[in-house]
Amino acid sequence: MTDRGRRKTMPAFLSACAIVMALAAAGCSEEPTELNALTASLPHGDVVVRDTVITATGSSTYRQFEVMDGAINLLGKTGNYTALTAMNFYPSLFPARDTALIHSARLKLRCITWHGDSTGTFAFSVHRILKVWSQTTLIWDSAQTGFYESASQGSSLTGAGPDTQVVTVSLDTAFVREWFMTPTSTDTRYGFVLVPDPSCTIVRGFTAFDSDSTHLQPQLEIIAGSPTGPSRDTATYYQGIDTFVGNIDNLTTDPQLLYLHAGVGYRASMQFDVSFIPRGAVVNSAELLLQRDPVTSRVSKFTADTAIVAQTIYTSAQPPVLDIVTQDGRRKAGTAFTFSTDVRRSVQLWVHGPNYGLALRPSLEFEFVAPDLLTFYNERASDPLRRPMLKIIYSTPL
Amino acid sequence: MLKRQRVLPFLTAVLGLSAAWFGTAVAGSGGSAYSILGIGDIRYAPGSRGAGMGYTGIGLAPSLYINAASPASWFRIDRTRLEGAALYEGFNSTDGARSRYLARLDFHGALLAIPISPSDGLVLVGGFLPYSQVGYDTYTTGLYSRVGTDTVTMGYRLHHIGSGGITRAVLGASCAPAQAFSVGASLNYMFGTLSRSSEQIPVQSGFSGGTFTSNQSISGLNFTTGVLVSTLGGITESLRPLSLGAVVTTRANLHTIDDVTYDYTFERDTSAAQYKRIGVPFSFGVGIGYQASERWTIAVDYTAQPWSESDFEGATPAGIRDSYRIGIGAERAGSRESVAPWLDRLSYRLGFTFHQTYFNPGGHPVDEWAVTAGMAFPLSGESRLNVAAEYGSRGATEGGLIRDRIFRMTFSLNISDLWFVRYEED
């Protein structure tokens, strides 16, 4: 190449070389990792780790009627606990047969659990629902006065029976015939509610419409026929909406206890003062320790795991607004009645503030399917070792 | 229509600067572990020419370069110049047991010089230069244990990362009241953010960690002024090749806004901002230049900064001391004859520098030395592509410290144009 040619091409060539060299050289760098990290006596900064154990500064039990809408519907009475079940087969599934005769209508409920006196009486009646309702909104309060008709549309009286017993109740045919009428703009087919009789001494749990097996779902078997001839048809319906509502009054009798009652909505709130932890500290661990009272707790044999759930309370409103994240607590290995819950999230949020405390409730696995009761000693327990304790390990920058 | 010779340099400049910025984005997280001290690694950026000559330039007055070492040296610039630079910096560091090589590519400043009145040496210069850089990434470990009826043990690692830096925005001018005497001054606005984080990583399961990140936004002003006697021929003829320069930068009171961000497993929190200040001490330097022949130049510089007078919220932080730098370098300038062979048109530079850094962790001084070399490639007209390479060493493994083998390469593009002057063919 001539010197003149070199002068023409060299600038671009050199520029390209410089750029490529720079990028290639930068690419030779290793990645800093823990394995190749160097140890040096430089002021990198450290953290101070501290641990502490504190007891609750306050607690209370509160009742918050909850929408149950679980996989099991409860019905009956045991002790002071009462459960009603509301059901409505989808009206759209019934054909419009204004002149059809209903010869019989039987409601079949597949039982799966029981609670209370296993030798007791299971008695209930069927009542027409008078209001619009939904399985995702119905709670105990809204299922009281004016929700259903006092007149019975059917009743059942049985013994406890086996766990998998199918309870059958005959419904009033005139009541069922209304479901085959041509719908009108003032349609009032809201279904029915099953109400335990005063003589009932057991709570049965039966599978809901949500069951993934049709033979376990509530079924309505209807035999209908022509008003002018002998022909009869048998039709079975097993789709609809259902839920149960439950309540127990005068539950909180011992001031040293917190009551978590499933099947109603009894929960507890608890406060700890963590204001001594400086803002900015990392909460490395926070273990809430509760002592269960085995005497007053009431757990059925169908509850496999007596777990509880702790949730951070977000506001001072009543009932409290809870953090969507749940923290599970279970019996601590090697102990008989000590429940341990990892509440790192709550304590970390409290350090940041504000601190409205912690809500305790039965595990989601049985809060909506069983009338179980768990009781725990609170900070007023006469034995200090039974009081709620919070073990915290936290770190602050040095 | 612009002449082709004028378009090419600007296109090359855009390409080069783009590459520098891109390089910044793709570069690794390299840096010196010592940058955890003070306000990080203090940059000395006299330009690629000075970097190749042992970081000298206070006593020189080039017309082809924007010499950032002294504002008094700008008076010879007779056409508009733009210079942008990128710095590749690699640290091969060892603590005596382990070693690693970390490197990064950074933007290393850009300056624009506009001659207002060349006959009076009145030149206006503005741009950005790096002042300090923080870049460390290392781990330490810790253990917390309580023995008793309820034994607790929590081991943890701390991952320390530092990043950011301070940039100096420069706006200054030079003038030459006499033929061999020039003065210059610049206003320097220093700004940037230093970020230092420590992430606690528990070793055992069942424990949560978190990250503390301290962010320090910095801003403040200082001034630089310089004088340059471009020839001492007025004293005696034998001193005609000698030039002498001096530069002083005033103390900077930097205002800082500090906050700490806490990142936890479950949430994030930020502390309230705190307003503080950092007093960066003044600095000064003197330099001598010797024009041995038309193409040979020799330069010696000495700069110092008494960091013992620094003021970080009322106190001088531990681990720093007074710093100074000595540099010596030589350049064989390329021929400017258009008919000269291409290799003869290249400039060649060589130098050596010793730097007593302001790092003094635990009373162990950290000194740095380096040999430097550089070349300037003529691109078009008076435009140059400059490359400076440097190899040096810093610190020692004694005292539980780190020895850095440092490899730096500075790339700069220097382009020029005649602004405000009409070409007849235009």
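Start with chain A as a whole: select it and colour by secondary structure to find three helices and 22 strands. Helices here are DSSP runs of H or I with at least four residues, strands are runs of E with at least two, and both are numbered from the N terminus. This is a predicted model, in which local features need pLDDT of at least 70 and side-chain atom pairs count only at pLDDT 80 or more, while totals for chains, interfaces and linings use all residues. To find your way, note that residues are numbered from 1 along each chain as its sequence is written, and that chains are lettered from A and ligands numbered from 1 in the order in which they are written.

**The outline of chain A**

Keep chain A selected and turn it around. Its C-alpha trace spans about 115 × 80 × 35 Å along the principal axes. The radius of gyration is 32 Å, whereas a compact globule of 398 residues would have one near 21 Å. That radius is taken over C-alpha atoms, and the globule rule is 2.2 Å times the number of residues to the power 0.38.

Of the 398 residues of chain A, 42% count as buried. A residue is buried if 20 or more other C-beta atoms lie within 10 Å of its own, exposed if 12 or fewer, and partly exposed in between, with C-beta atoms placed from the backbone.

Now look at contacts, meaning pairs of residues whose C-beta atoms, placed from the backbone, lie within 7 Å. Among contacts in chain A between residues at least 6 apart in sequence, 81% join residues at least 24 apart.

**Into the core**

Next, select L84(A), V193(A) and L360(A). These residues have the most contacts inside the largest nonpolar core, which has 181 residues. Such a core is a set of buried Ala, Val, Leu, Ile, Met, Phe, Trp, Tyr and Cys residues joined through C-beta atoms within 7 Å.

Which residues is L84(A) in contact with, leaving aside its neighbours within four places in sequence? Display L75(A), A143(A), V193(A), L194(A), V195(A), F244(A) and V245(A) around L84(A) to see them.

**Helix 3 and what follows**

Move on to helix 3 of chain A, where eight of the nine residues are buried. Among those buried are R344(A), R345(A), Q348(A) and W350(A). After the helix comes G353(A), with a positive phi near 85°. The peptide bond from G353(A) to P354(A) is cis, with omega near -5°. P354(A) sits in the loop between helix 3 (344–352) and strand 20 (358–362).

For another cis bond, go to Q318(A) and P319(A), where omega is near -5°. P319(A) belongs to the loop between strand 17 (308–312) and strand 18 (327–331) of chain A.

T99(A) lies in the loop between strand 4 (81–89) and strand 5 (101–116) of chain A. Is T99(A) buried or exposed? T99(A) counts as exposed because it has 10 C-beta neighbours inside 10 Å.

**Two residues with positive phi**

Most residues other than glycine have a negative phi, and most peptide bonds are trans. Select D69(A), which has a positive phi of about 45° although it is not a glycine. D69(A) is in the loop between strand 2 (58–63) and strand 3 (72–78) of chain A, and it is partly exposed, with 18 other C-beta atoms within 10 Å.

Then switch to chain B and pick Y55(B), also not a glycine, with a positive phi of about 60°. Y55(B) lies in the loop between helix 2 (48–52) and strand 2 (80–94) of chain B. Y55(B) counts as buried, with 30 C-beta neighbours inside 10 Å.

**Strand 10 of chain B**

Stay in chain B and select strand 10 (residues 252–264), which runs antiparallel to strand 8 (residues 210–229) and is joined to it by 10 bridges. Strands pair if DSSP finds at least two bridges between them. N215(B) has D259(B) as its bridge partner in strand 10.

Seven bridges join strand 10 to strand 12 (residues 274–280), again antiparallel; there, T256(B) stands opposite K276(B). Three bridges pair strand 10 with strand 11 (residues 268–270) in the antiparallel sense, and T261(B) stands opposite T270(B). Strands 10 and 11 form a hairpin with three residues between them.

**Where the chains meet**

Finally, show both chains. In all, 69 residues of chain B are in contact with 46 residues of chain A. On the chain B side, 36 are nonpolar, 24 polar and nine charged. Here Ala, Val, Leu, Ile, Met, Phe, Trp, Tyr, Cys and Pro count as nonpolar, Asp, Glu, Lys and Arg as charged, and the others, Gly among them, as polar.

Methods. Two residues are in contact if their C-beta atoms, placed from the backbone, lie within 7 Å.
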